[in-house]
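Dear colleague,

I am handing over the structure below, and my notes on what was found in it follow directly after. Please read them with the model open beside you.

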Amino acid sequence: MELNTADKPRILVIDDDEQVRRVLLDLLQDLYNCREVSSAEAGLTVLAQESFDLVISDINMGGMSGLELVPHVHSLSPDSVVLMISGQSNIETAIEAMHAGVFDYIMKPFDIRHVEAAVERALKQSRLLVEKRRYKDELENLLQERTVQIDRLAHYDTLTSLPNRTLFEDRLTQAVALAQRANSRVAVLFIALDQLKKVNDTLGHLAGDQLMQQVAARLRGCVTESYTVARFGGDQFVLMLPGIERTKDAVDVIASIQEALNPSFKLDRQELFATASVGVSFFPDDGEETSSLVKNAGAALYRAKKSGGNEYRFYTADMHTKASKRFELETSLRRAIDNQEFLLHYQPRVAIDSLQIVGLEALVRWQHPQMGLVPPGDFIPLAEETGLILPIGEWVLREACRQNREWQDKGFARMRIGVNISARQFQQQHLSETVIRILEEAELGSEFLELELTESSIMSHPEATIDVLTKLQTKGVAISVDDFGTGFSSLSYLKRLPIDSLKVDQSFVRELATDPDDAALVMAIVSLGHTLRLRVVAEGVETQEQLRFLRLLRCDEIQGYLISRPLPVTGIEQLLALPMPLSPEAVHV
Ligand code: C2E
Ligand code: MG
Ligand code: MG
């Protein structure tokens with residue numbers, strides 16, 4: 001195939017001997033695109049304007065020698081290959097030339113085949129050089145692109161394209177250094193979206209991601225360039241406001257954030273509203289270091305969230321002690337599980353007329369090595385928040401069943417044991433299977449177990465609850481609704497729930513004898529319970545008068561200090577050994 005002139009390899013022949021140039025051109029110009037010049041200087045002029053794949057040059061010419069020419073060729077045209085023409089007599093010079101970077105040499109007088117072969121080899125080398133350079137360039141470009149990508153990944157959040165924690169902290173460190181010199185303040189706003197968890201749980205993570213992207217865009221839209229908005233992951237954003245003069249300026253920014261979040265968010269299949277809680281810390285007031293400023297804004301955020309969301313809080317020093325106390329408690333709670341620091345107390349539940357014990361409620365206590373006996377109100381909420389309620393709750397269930405079986409084996413009257421189950425336990429996939437397995441392990445009949453669920457935990461997931469409770473009830477486990485009257489039950493659900501009893505919350509029993517409203521409420525609960533064929537139990541009965549009222553109102557069972565406080569195992573054994581029925585005066589401990 002005939003090559004186009006433009007496609008042919010380009011060769012520059014440099015020799016002061018016209019004869020030599022002629023011979024070479026005759027030999028090469030059919031195949032290659034050739035040019036000739038008669039001196040090294042002329043060669044350099046041409047090379048400065050055009051590029052050649054191959055330069056064939058004589059060594060000794062008047063003026064610049066071929067040897068001196070080589071480095072110039074390479075610097076002007078790095079991919080060019082140089083062939084040297086050398087006479088037999090100066091072969092040493094030719095070798096020296098090769099050291100200087102010449103690719104090969106051809107000897108005079110020319111042997112045609114030798115010349116052709118040398119030219120071909122040299123051109124091949126030139127192609128290799130070109131390829132190598134291209135490859136190297138590509139590799140360098142790729143590397144540069146990747147470096148940019150990695151840099152992005154390391155400094156930006158992939159979901160929202162906002163700066164991430166690392167970049168934010170870098171910028172905050174710079175801003176703090178500047179503020180230190182300028183004697184100015186920097187505000188750090190820690191922002192959390194109140195609804196993300198709910199959106200993720202109900203609409204799925206894709207919807208949650210969409211919401212976060214839209215929130216990010218609105219946050220970015222409501223602050224100026226000099227303020228950095230970053231995402232810290234999860235539902236959290238941070239905002240840095242350098243050069244803030246007055247606290248009120250931070251409040252204004254918060255107001256504009258809240259306003260920006262006001263309009264509804266349109267997700268694929270849903271339109272919804274979102275709000276944010278904000279915690280604020282200031283340099284230098286609340287910390288000198290990046291980490292403490294962020295931590296303290298976080299502590300303030302926690303308080304803002306605690307007060308119900310859509311609120312902001314400024315950091316105050318005592319937050320920290322609260323936060324660290326909480327952290328300490330959490331750590332020791334985790335340790336308590338391994339160290340088996342929990343124990344159960346039991347409180348009897350008696351029939352209202354006969355005062356015969358009909359059941360016992362297991363109530364957990366924590367035997368803390370330093371703090372002593374900790375009541376459940378001081379650690380169950382934290383255990384629920386952290387998920388530690390799952391192992392604790394399972395232990396309570398297992399221990400209560402084991403103990404009940406032991407009492408039966410010892411010949412005490414057989415009775416039901418009530419175990420409190422928290423909402424979090426209830427959202428577990430296999431709660432019914434776990435309960436049934438524990439009953440089997442303890443070799444306890446299912447009719448001797450009752451689960452107590454608070455009204456609010458049932459009502460937070462009513463449909464799922466009905467399924468699990470039905471499964472348990474068919475197995476023979478009794479169910480009661482605890483703290484009834486505080487959780488806004490829907491009557492239609494209540495009717496469908498497979499429950500056995502309602503436990504009227506202590507708050508209604510407390511004022512029963514003195515507050516006519518409470519008496520009316522308890523009466524309503526009793527008649528509601530009886531209509532649904534449920535037993536009604538009054539909790540927290542402390543006085544004879546309350547007992548009298550509850551009898552009047554046809555309550556079925558009572559529990560309370562009037563009969564007995566929650567007691568450890570030995571106390572319960574003494575109580576069970578007393579002749580039945582109990583008289584309140586006889587057993588009041
Ligand atoms: P609860 O299930 O409603 O238990 C009744 C609470 O009222 C118990 O408090 C009991 O000691 C107390 N009480 C009983 N009679 C009287 C009385 O006459 N007067 C007054 N003022 N109080 C009385 P405790 O043991 O401190 O437990 C508090 C709550 O902690 C329980 O309320 C229950 O919701 C929760 N809890 C206890 N043990 C567990 C457990 O093992 N798991 C879960 N998830 N929660 C538990
Ligand atoms: Mg209870
Ligand atoms: Mg209760």
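**A buried serine and its surroundings**

In this predicted model, S564 has a relative accessible area of 0% and is therefore buried, the cut-off for that term being under 20%. The residue sits in a loop, with β21 (557-558) on one side and α22 (569-577) on the other. Once the neighbours within four places in sequence are set aside, the contacts of S564 are with Q347, P348 and L575.

**The chain as a whole**

Turning to the protein chain, 46% of its 589 residues are buried, and its secondary structure consists of 23 helices and 21 strands. Of the contacts with a separation of 6 or more, 65% are between residues 24 or more positions apart.

The overall dimensions deserve a careful look: the radius of gyration is 44 Å, whereas a compact globule of 589 residues would have one near 25 Å, and the C-alpha atoms fill a box of roughly 135 × 60 × 50 Å along the principal axes. The chain is divided into domain 1 (5-131), domain 2 (150-315) and domain 3 (327-579), and the C-alpha centres of domain 2 and domain 3 are 42 Å apart.

As for the surface, the chain exposes about 30,000 Å², of which carbon and sulfur atoms supply 52%. There are 61 positive and 85 negative charges, and their mean positions lie 5 Å apart.

Conventions. Residues numbered from 1 in each chain as written. Chains lettered and ligands numbered in written order. Predicted model: local features only at pLDDT ≥ 70, side-chain atom pairs only at ≥ 80, totals over all residues. Heavy atoms only, no water. Helix = DSSP H or I, 4+ residues; strand = E, 2+ residues; numbered from the N terminus. Rg over C-alpha atoms; globule rule 2.2 N^0.38 Å. Buried < 20%, exposed > 50% of the residue type's maximum accessible area, 1.4 Å probe, protein only. Contact = heavy atoms within 4.5 Å. Areas by Shrake-Rupley, 256 points an atom, 1.4 Å probe, with all protein chains shown as cover. Lys, Arg positive; Asp, Glu negative; His and termini not counted. Charge placed at Lys NZ, Arg CZ, Asp CG, Glu CD. Domains from an automatic or database assignment.
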